[in-house]
Amino acid sequence: MVSLLFITMISLTLAGSAYSQVTQAPFQVTVKIFADPGANVTLPCRHLTSDSTSFGTRVKWYKVADDEALNEDVISSLGIHTISYGSFKNRVFLQETNDTDDASLTITDVSKNDTGKYRCEITNGMDDVLQEVTLEVADEGLPTGVVFPYSPSKTRYSLNFNDAVLACQGQGAVVATFDQLFEAWKGGLDWCNAGWLNDSTVQYPISKPREACGGANNKPRLVSYGRRDKHRELYDVFCFATALTGRFYWLNQPDRLTYDEAVQACLDDNAQIAKVGQMYAAWKFAGYNRCDGGWLADGSVRYPISRPSKNCSPTGPAVRFIDFPDKTQKSYGVYCYK
């Protein structure tokens with residue numbers, strides 16, 4: 001599922017003299033984000049070390065031109081002083097979280113004109129950071145989204161067609177079309193469980209043929225069972241979620257929570273416990289990355305990784321599923337949405 005996110009980790013290298021305005025060699029990370037016109041989108045940027053401090057730290061974002069002498073300032077911040085510029089004035093802001101390492105930029109009401117490469121500079125005189133994000137805004141009338149496989153329990157193949165429709169709706173999504181699954185497969189989606197599509201066919205995408213899933217000698221393909229009995233036959237489902245208009249976030253809590261406590265904690269924060277589709281959308285469109293399993297509305301525990309590491313999704317970017325645990329278990333945090 002490396003390419004499902006469509007967020008490509010291009011490099012994680014020590015950039016030496018590539019950017020003369022930075023006095024010390026920064027980490028450079030390049031990410032790609034997709035968005036629909038009119039949506040709000042978050043471009044991720046953060047310190048890559050855990051010992052950074054917000055004291056005296058300057059954050060600056062700008063849009064990169066082919067001729068870097070023509071780069072366009074977007075926003076700059078030093079302490080409590082923040083200024084936005086030009087066409088971005090009153091349309092951009094930095095994330096306000098308790099995470100002092102987070103310098104992510106939110107652009108509201110994006111348009112095709114916002115497409116391009118953005119650069120984030122974090123300067124504190126010790127560990128300077130450069131990160132680049134490419135934003136691609138879709139043409140009007142061509143909604144982008146993310147396809148994800150879904151099963152509402154530990155046991156696969158429990159949904160008839162009508163149940164599948166309700167399952168996707170319950171997770172902030174709709175049943176995917178063949179074209180949407182086909183595009184996701186071209187992007188690298190690989191899943192060995194068959195699922196309903198909105199035309200009542202049942203299919204699954206294989207981008208990495210293997211013996212346990214249709215045979216190692218077969219070609220990458222979409223495997224189709226054809227149209228199935230909507231009422232009697234049971235499968236999983238492929239859902240489709242579009243970009244978010246609200247905020248998906250990890251709620252900092254002093255202790256681990258039961259499911260009921262997680263629901264209440266989000267309500268106390270004037271939010272709701274997040275849905276699976278919202279996590280996938282935040283993962284794809286905002287590059288959301290956190291290596292903490294958290295409760296979601298369906299009772300599952302998952303976490304989104306857009307920047308893989310040795311200890312978190314080392315095989316690639318993914319929304320990782322942990323379990324449908326006992327809801328009285330105090331072992332996890334919670335993801336909220338508002």
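Which two cysteines form a disulfide with their sulfur atoms 1.8 Å apart? They are cysteine 192 and cysteine 213, and point 3 comes back to them.

Before the points, a word on the basis. This is a predicted model, in which local features need pLDDT of at least 70 and side-chain atom pairs count only at pLDDT 80 or more, while totals for chains, interfaces and linings use all residues. Residues are numbered from 1 along each chain as its sequence is written, and side-chain values use heavy atoms, with hydrogens and water left out.

1. Disulfides overall. A disulfide is a covalent bond between the sulfur atoms of two cysteines. Taking a disulfide as a pair of cysteine sulfur atoms within 2.5 Å, the count comes to five. If you number the bonded cysteines in sequence order, they pair as 1-2, 3-6, 4-5, 7-10, 8-9.

2. Cysteine 45 with cysteine 120. Here the S to S distance is 2.0 Å, and the link is left-handed, with -75° about the S-S bond. Cysteine 45 sits in the loop between strand E3 (41-43) and E4, and cysteine 120 in strand E9, so the bond ties together parts that are 75 residues apart in sequence. Helices (H or I, at least four residues) and strands (E, at least two) are DSSP runs, numbered from the N terminus. Buried means under 20% relative accessible area, exposed over 50%, and partly exposed in between (1.4 Å probe, protein chains only). On that scale cysteine 45 is buried at 2%, and cysteine 120 is buried at 0%.

3. Cysteine 192 with cysteine 213. This is the pair from the opening question, with sulfur atoms 1.8 Å apart. Its link is right-handed, with 120° about the S-S bond. The two ends belong to distant parts of the chain, 21 residues apart: cysteine 192 is in the loop between helix H2 (178-186) and strand E13 (195-196), and cysteine 213 is in the loop between strand E14 (201-206) and strand E15 (221-227). Cysteine 192 is partly exposed at 27% relative accessible area, whereas cysteine 213 is buried at 1%.

4. Cysteine 291 with cysteine 312. The sulfur atoms of this disulfide are 1.5 Å apart. The torsion about the S-S bond is about -95°, so the disulfide is left-handed. Cysteine 291 lies in the loop between H4 and strand E19 (294-295), and cysteine 312 in the loop between strand E20 (301-305) and strand E21 (318-323), 21 residues apart. Cysteine 291 is partly exposed at 37%, while cysteine 312 is buried at 7%.

5. Side chains of opposite charge can pair when their charged atoms come close. With a salt bridge taken as a side-chain nitrogen of Lys or Arg within 4 Å of a carboxyl oxygen of Asp or Glu, the whole structure holds 13. One of them joins glutamate 121 and arginine 58 at 3.2 Å, N to O. Glutamate 121 is buried at 6%, and arginine 58 is partly exposed at 31%. Another salt bridge pairs lysine 60 with aspartate 73 at 3.4 Å, N to O. Lysine 60 is in strand E4 and aspartate 73 in strand E5 (residues 72-78), 13 residues apart.

6. Arginine 119 and glutamate 68 meet at 3.0 Å, N to O. Arginine 119 is in strand E9 and glutamate 68 in the loop between E4 and E5, 51 residues apart. Arginine 119 is buried at 2%, whereas glutamate 68 is partly exposed at 39%. Salt bridges with shared partners join Glu68, Lys117, Arg119 and Glu132 into one network.

7. The nonpolar cores. A nonpolar core is a set of buried Ala, Val, Leu, Ile, Met, Phe, Trp, Tyr and Cys residues joined through side-chain atoms within 4.5 Å. The largest has 67 residues, and those with the most contacts inside it include Phe148, Phe248 and Trp295. Helix H4 (residues 276-285) gives the most to this core, with seven residues. Leaving aside neighbours within four places in sequence, phenylalanine 248 has contacts that include Gln278, Met279, Ala282 and Tyr335; contact means heavy atoms within 4.5 Å.
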